[in-house]
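Visitor: I am new to this structure and would like to learn how to read it, feature by feature. Could we look at it together, slowly?

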Amino acid sequence: QVQLVESGGGLVQPGGSLRLSCATSGVPLEHYAIGWFRQTPGKEREGVSCLRTTDRVPLYAESVKGRFTISRDKNTVYLQMNSLKPEDTAVYYCATVVGICYLDYKMFASWGQGTQVTVSS
């Protein structure tokens, strides 16, 4: 059974940093890609980043390139978020998909419960 648990969200000032974690179980990561998404009320879920562990070539949304970094250590996938902006405020989710990476949330089957990130002074 696939389980994903996000943590690391919180309140941070603009320009600050946070590191989100996605602890996975029941996911053979060598066959899966892990994606990070975010959602604000009334808006569609947005793809932020994705990592396929076989080739470790990440995908990033244009809005976060150069500021966010996705990585993996054993069964945990991280999203390091630097130079945070108020528009990064959202609930952040991790999710899994078999095979290759996408930034389209509709391709992903299993989801965590989400962690709130608030960027505000």
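Guide: Let us begin with pairing: two strands pair if DSSP finds at least two bridges between them, and the strands themselves (E, at least two residues) are DSSP runs numbered from the N terminus. This is a predicted model, in which local features need pLDDT of at least 70 and side-chain atom pairs count only at pLDDT 80 or more, while totals for chains, interfaces and linings use all residues. Residues are numbered from 1 along each chain as its sequence is written, and side-chain values use heavy atoms, with hydrogens and water left out.

Visitor: How many bridges join S7 to S8, and in which sense do the two strands run?

Guide: S7 and S8 run antiparallel and are joined by 6 bridges. Within this pair, Phe68 stands opposite Met81 in S8, and the hairpin that the two strands make has 2 residues between them, with Lys74 taking a positive phi near 55 degrees.

Visitor: Which strands form the open sheet, and in what order?

Guide: The open sheet is formed by 4 strands in the order S1-S3-S8-S7, with antiparallel pairing. Strand S1 (3-7) and strand S7 (68-73) each have a single partner strand, so they stand at the edges with one side left without a neighbour in the sheet. From one strand to the next the twist averages 15 degrees, where axes are lines fitted to C-alpha atoms and angles run from 0 to 180 degrees between N-to-C directions.

Visitor: What does strand S5 pair with?

Guide: S5 is joined to S4 by 6 bridges in the antiparallel sense, with Gly35 standing opposite Cys50 in S5, and the hairpin of S4 and S5 has 6 residues between the strands, among which Gly42 takes a positive phi near 80 degrees. S5 also pairs with strand S6 (residues 59-60), again in the antiparallel sense, over 2 bridges, and there Ser49 stands opposite Tyr60 in S6. To describe its surroundings we need burial: buried means under 20% relative accessible area, exposed over 50%, and partly exposed in between (1.4 Å probe, protein chains only). Of the 7 residues of S5, 5 are buried, so this strand is largely enclosed by the rest of the structure.

Visitor: Which residues have the most contacts inside the largest nonpolar core?

Guide: A nonpolar core is a set of buried Ala, Val, Leu, Ile, Met, Phe, Trp, Tyr and Cys residues joined through side-chain atoms within 4.5 Å. The largest one has 26 residues, and those with the most contacts inside it are Trp36, Phe68, Leu79, Met81 and Tyr92. The elements giving two or more residues to this core include S3, strand S4 (32-39), strand S5 (46-52) and strand S9 (90-98). Apart from it lies another core, of 7 residues, including Cys50 and Phe108. If contact means heavy atoms within 4.5 Å, then Leu79 touches, among others, Leu18, Trp36, Val48, Phe68 and Tyr92, not counting residues up to four places away in sequence.

Visitor: Is Thr96 buried or exposed?

Guide: Thr96, which is found in strand S9, is buried, with a relative accessible area of 1%.

Visitor: How should I read a pair of aromatic rings?

Guide: A pair of aromatic rings is described by the distance of the centres and the angle of the planes. Rings of Phe, Tyr and Trp (its six-membered ring) pair if their centres lie within 6.5 Å, and planes under 30 degrees apart count as stacked, over 60 as edge-to-face and the rest as tilted. By this rule the count comes to 4 aromatic pairs. The ring centres of Phe37 and Trp111 are 5.0 Å apart and their planes stand at 55 degrees, so this pair is tilted. Because Phe37 lies in strand S4 and Trp111 in strand S10, the pair ties together parts that are 74 residues apart in sequence. Phe37 is buried, at 0% relative accessible area, whereas Trp111, at 26%, counts as partly exposed. Tyr93 and Trp111 form an edge-to-face pair, 6.3 Å centre to centre with 80 degrees between the planes.

Visitor: Where does the charged end of Arg45 sit?

Guide: A charge sits over a ring if NZ of Lys or CZ of Arg is within 6 Å of the ring centre and within 35 degrees of the ring normal. The charged end of Arg45 sits over the ring of Tyr93, 3.9 Å from its centre, and also over the ring of Trp111, 4.6 Å from its centre.
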